[in-house]
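Subject: Structure handover

Hello,

Here is the structure for you to take over.

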Amino acid sequence: MQKKRLVLVAASDFSVTSRINDVARKLGLDVYFLRRPSEAFRDFSVQPDMLIVDLNDRVIDVMDLIERVRKDSKFSSLPILGFLSHHQLVLKEKAEKAGCSLVVPRDLFAEKIKSFLESGL
């Protein structure tokens, strides 16, 4: 029996969340959409395989989330994929410094979401 996989997502844009949910469902992945950084630390039935963050999200403080995840020994090696608008080099650098494993432009994320979810990053 294959291990159930869980992806955490910090994004509130409907088009992004619906696309992630659709692709993840087709791949047999569970998705949990975070509304607050503290929700990442709840007791899930399985260890999350990946965290996806919209670095331009206006609902959740994603930098706080990334930093808190990296400081928690249970999540220190969790792959974190961040996406942002083009030409946001300062935000990209800040996200990488906070602990994002990979930061990509929004259009690349949308184009390759299936491969990111399949590979765990």
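This is a predicted model: local features need pLDDT of at least 70, side-chain atom pairs count only at pLDDT 80 or more; totals for chains, interfaces and linings use all residues.

Helix 1

Helix 1 runs over residues 14–27, and its 14 residues reach 20 Å from the first C-alpha to the last, close to the 20 Å expected at 1.5 Å a residue. Buried in helix 1 are V16, T17, I20, V23 and A24. These residues lie on the same side of helix 1, because they cover an arc of only 140° around the axis. The buried residues of helix 1 pack against strand 1, strand 2 (30–33), strand 3, strand 4 and helix 4 (106–119). On the face turned away from the buried side, helix 1 carries the exposed residues F14, R25 and K26. After helix 1 comes G28, which has a positive phi, near 80°.

Helix 2

In helix 2 (residues 62–71), the buried residues are V62, M63, L65, I66 and V69. Their arc around the axis is only 160°, which puts them on the same side of helix 2. The packing partners of these buried residues are strand 1 (6–10), strand 3 (50–54), strand 4 (80–84) and helix 3 (89–98). At the start of helix 2, D61 has a side-chain oxygen within 3.4 Å of the backbone nitrogen of M63.

Aromatic pairs

There are 4 aromatic pairs in the structure. Y32 and F44 form an edge-to-face pair, because their ring planes are at 70°, with the centres 5.2 Å apart. The pair links distant parts of the chain, 12 residues apart: Y32 is in strand 2, and F44 is in the loop between strand 2 and strand 3. Y32 counts as partly exposed at 21% relative accessibility, whereas F44, at 14%, counts as buried.

F41 and F75 also make an edge-to-face pair, at 5.5 Å centre to centre and with 75° between the planes. Here F41 is in the loop between strand 2 and strand 3 and F75 in the loop between helix 2 and strand 4, so that the pair links distant parts of the chain, 34 residues apart. F75 is buried, with a relative accessible area of 2%, while F41 counts as partly exposed at 24% relative accessibility.

Finally, F83, F109 and F116 are linked into a cluster by ring pairs.

Regards

Note on methods
Residues are numbered from 1 along each chain as its sequence is written. Side-chain values use heavy atoms; hydrogens and water are left out. Buried means under 20% relative accessible area, exposed over 50%, partly exposed in between (1.4 Å probe, protein chains only). Helices (H or I, at least four residues) and strands (E, at least two) are DSSP runs, numbered from the N terminus. The arc is that of the directions from the helix axis to the C-beta atoms. Contact means heavy atoms within 4.5 Å. A polar contact is a pair of N or O atoms within 3.5 Å; within protein, one must be able to donate a hydrogen and the other to accept it, and residues adjacent in sequence count only if both atoms are side-chain atoms. The expected span of a helix is 1.5 Å times one less than its number of residues. Rings of Phe, Tyr and Trp (its six-membered ring) pair if their centres lie within 6.5 Å; planes under 30 degrees apart count as stacked, over 60 as edge-to-face and the rest as tilted.
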